[in-house]
Amino acid sequence: MKRLRYILTLALALIAMAPCWAQNQQQIPERNQQSKFAIKKVDFDHVREVISNPKNAYYYPKLMKAYNSNDTTLSIEAWRNFYYGYTFQEDYNPFRESVYCNVVEQLYYKQPHSRAECDSIEKYAELSLNDNMFDLNQMNFYIYVLKEKKKHARAAVCQYRLDRLIAAIMSSGKGTKEEPWVVIAPEHEYNIINFLGFVATDHETLDGGIDYIKVQPVAGKSAEGFYFDISRMMQIAALKFPDI
């Protein structure tokens, strides 16, 4: 799929966002989320079943309402169904990108920021997230600017959302070939890499809808790369964009 390959190639540019992720690392309670949550393989048939049942606690409109109301009592299982259940929603697009995201990125890297620039970053990051709630890069930008503007309560809410989405992804596997992490957007691969404190150097698309992301060596860490399962993403892309 030419479009998917194109998006994945563009995603390499996201390695430049590592500083943005690094700024928020100290706010994340545990660097190894896997120590907090059990690893559980994603069963998309089961996800579809529970999010489509109005009587189920994980019925998607219920999860969306909880998300929008900043509910901090949701379990990791609820977050898993919220994240992976999005692939069954009509507006799901694995290539989704807000028209506002480039505006935010251009402003962000012009540090330090004036008050007016912070106002603009806040405005466009919020617009981007309203268009794509799973844009983890925009969440990072939004958290940054909210802290800059001393809006700590709102920053904490956004940080909580980001932490739980990262945890949901990392609970899907171990980043190994046998147990890859499952993602629903190409850039989420690089978000996880940066979250772990690595910088991506290259990627390989393997058989079976698996991506392998190579990383720069880091002192004290033995990882040379990580594996991601993008098969669900590719399946939906083939159905929604057959001519791309």
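A charge sits over a ring if NZ of Lys or CZ of Arg is within 6 Å of the ring centre and within 35 degrees of the ring normal. Arg-232 does this with Phe-88, at 4.1 Å from the ring centre. Arg-161 lies over the face of Tyr-67, at 4.0 Å.

A word on the source. This is a predicted model, where local features need pLDDT of at least 70 and side-chain atom pairs count only at pLDDT 80 or more, while totals for chains, interfaces and linings use all residues. Residues are numbered from 1 along each chain as its sequence is written, and side-chain values use heavy atoms, with hydrogens and water left out.

Next, ring against ring. Rings of Phe, Tyr and Trp (its six-membered ring) pair if their centres lie within 6.5 Å; planes under 30 degrees apart are stacked, over 60 edge-to-face, the rest tilted. The count comes to 21 aromatic pairs. Take Tyr-83 and Phe-134: they are edge-to-face, 5.7 Å centre to centre, with 85 degrees between the planes. Tyr-83 is in helix α5, Phe-134 in the loop between α7 and α8, 51 residues apart. Helices here are DSSP runs (H or I, at least four residues), strands likewise (E, at least two), numbered from the N terminus.

Are Tyr-83 and Phe-134 buried or exposed? Both are buried. Buried means under 20% relative accessible area, exposed over 50%, partly exposed in between (1.4 Å probe, protein chains only).

Phe-198 and Phe-226 have ring centres 5.3 Å apart and planes at 65 degrees, so this pair is edge-to-face. Phe-226 belongs to strand β4, and Phe-198 to the loop between α10 and β2. Phe-198 has 5% relative accessibility, so it counts as buried.

One aromatic cluster includes Tyr-67, Phe-88 and Phe-134.

On a 1 Å grid over the protein atoms alone, a cavity is a set of points where a 1.4 Å probe fits but cannot get out; a pocket is an open set with protein on both sides within 12 Å along at least five of seven lines; lining residues have an atom within 4 Å of a point. Phe-134 returns here, as one of the residues lining the largest cavity. Tyr-67 and Arg-161 are back too, among the residues nearest the centre of the second largest pocket, which 15 residues line. Helix α9 gives the largest share of that lining, four residues.

That's my tour; questions, please.
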